[in-house]
Structures are given as C-alpha cells and as structure tokens.
Amino acid sequence: MEVKLVQLQKHGDDRGALIALEDQKNVPFPIRRVYYLFGTKPGVRRGLHAHHNLRQMIIAVRGSCRFLLDDGRERVELLLDNPAQGLIVESMMWREMYDFSEDCVLMVLADAHYDEIDYVRDYKEFIEMCRGESDEK
Ligand code: TYD
C-alpha cells in the first residue's frame, strides 16, 4: 500500500511557524469540511471505520497518535506527530487511531459534508466490499 504523506511548507521566522492549507494546491481535493479531535482519553481507540467515497487529509497539529491504515489487503501503522505532514486517507480505507498523547489535536480536512450513510463501520463488511471490488477487476 502506498502511504501518501504530503509535506506541508512551513513559513517560519523568529516569531514562530505558520502552515497554510489550500485546496487543489497542497490539499489534493476541494475542502468541504474541517473537524478536529482533541481531549481523547487514555487508552481510547477512535475511527474504526472506512468511507465509501470520502477523501480526507489528517494532520496532528499538536501532540501525536498512532494511525492504522488498512486497504483490505495490507495494514500499515504510522506515527502522526508532525504538524507539517498531512496524511491522505482515500475512500475505502479502514482507519484506527490510538495511543493519543494527552495534548493531541488531530485535524481532519474532508471533501464532503458529514453523512452517516457514507460510513462503513463493520470491519467484516468492509473486507467483503474490498473482495467484491477486486473480483470485479
Ligand atoms: P465518529 O465518526 O464516531 O468519531 P471517530 O471517528 O473519532 O470515532 O464521530 C463522533 C460523533 O461526532 C458522532 O456522533 C458523529 C459526530 N460527527 C459529526 O456530527 N460531524 C462530523 O463531521 C463528524 C466527523 C462526526
């Protein structure tokens, strides 16, 4: 599986740092929604779903967490701990986030508004859908 990590340009000077996110420039899709996860309690696992269509970019703007990506064939784990890196999570990717640092703020940019219909929350169903797709190829 190819993990897509976008390196975001830091505009820094002696006052501190700034990163700008612009769709179709360093964000490879139109930004329709932004949300952020924070105050995640110790030991909690979040995500545990895939999306039929949604594309997202995920940035640990503060702190860190571990991220599991699963495309139905392969599982990849990575540490998100850099506000200058955006992880692209395409549609039909199972994701889980865990080991959140106490200060972790995880920002998510998405190409569509919130829609519960777009979620796949059952892992078995996700795997069956992936198999169905690869049989069609
Ligand atoms: P959920 O998707 O379960 O979060 P996580 O992926 O971190 O486990 O969402 C938590 C709650 O927030 C759920 O009640 C749905 C709501 N929600 C919105 O209203 N809008 C959104 O954009 C998102 C992502 C969630």
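Predicted model: local features only at pLDDT ≥ 70, side-chain atom pairs only at ≥ 80, totals over all residues.

## Starting at Phe67

Setting aside neighbours within four places in sequence, Phe67 is in contact with Ile58, Val76, Glu77, Leu78, Leu80, Leu87, Val89, Arg95, Glu96, Met97 and Tyr98.

## The nonpolar cores

Phe67 also belongs to the largest nonpolar core, which has 17 residues. Along with Phe67, the residues with the most contacts inside this core are Ile58, Leu80, Leu87, Val89, Met97 and Leu106. Two or more core residues come from each of β6 (56–62), β7 (65–70), β8 (75–80), β9 (85–89) and β11 (105–110).

Apart from that core lies another, of nine residues, including Leu8, Met57, Ile59 and Met107.

## The second largest pocket

Next, some open space to explore: the second largest pocket holds about 190 Å³. Its lining consists of Tyr35, Leu37, Arg46, Gly47, His49, Gln56, Ile58, Arg95, Met97, Val108, Tyr119 and Arg121. Two or more of these residues come from each of β4 (33–38), β5 (46–51), β6 and β10 (94–98), and β5 gives the largest share, three residues.

## The annotated span

For residues 1–129, UniProt lists "domain: Sugar 3,4-ketoisomerase QdtA cupin" in an unreviewed entry. In the model, this span is 5% helix and 46% strand, and its end C-alpha atoms lie 17 Å apart.

Technical notes. Residues numbered from 1 in each chain as written. Heavy atoms only, no water. Core = buried A, V, L, I, M, F, W, Y, C linked by side-chain atoms within 4.5 Å. Buried < 20%, exposed > 50% of the residue type's maximum accessible area, 1.4 Å probe, protein only. Helix = DSSP H or I, 4+ residues; strand = E, 2+ residues; numbered from the N terminus. Contact = heavy atoms within 4.5 Å. UniProt positions renumbered as here; feature names shortened; annotations may be inferred. 1 Å grid on protein atoms, 1.4 Å probe; cavity = no way out; pocket = protein on both sides within 12 Å on 5 of 7 lines; lining within 4 Å. Points joined across faces, edges and corners; volume = space filled by probe spheres on them.
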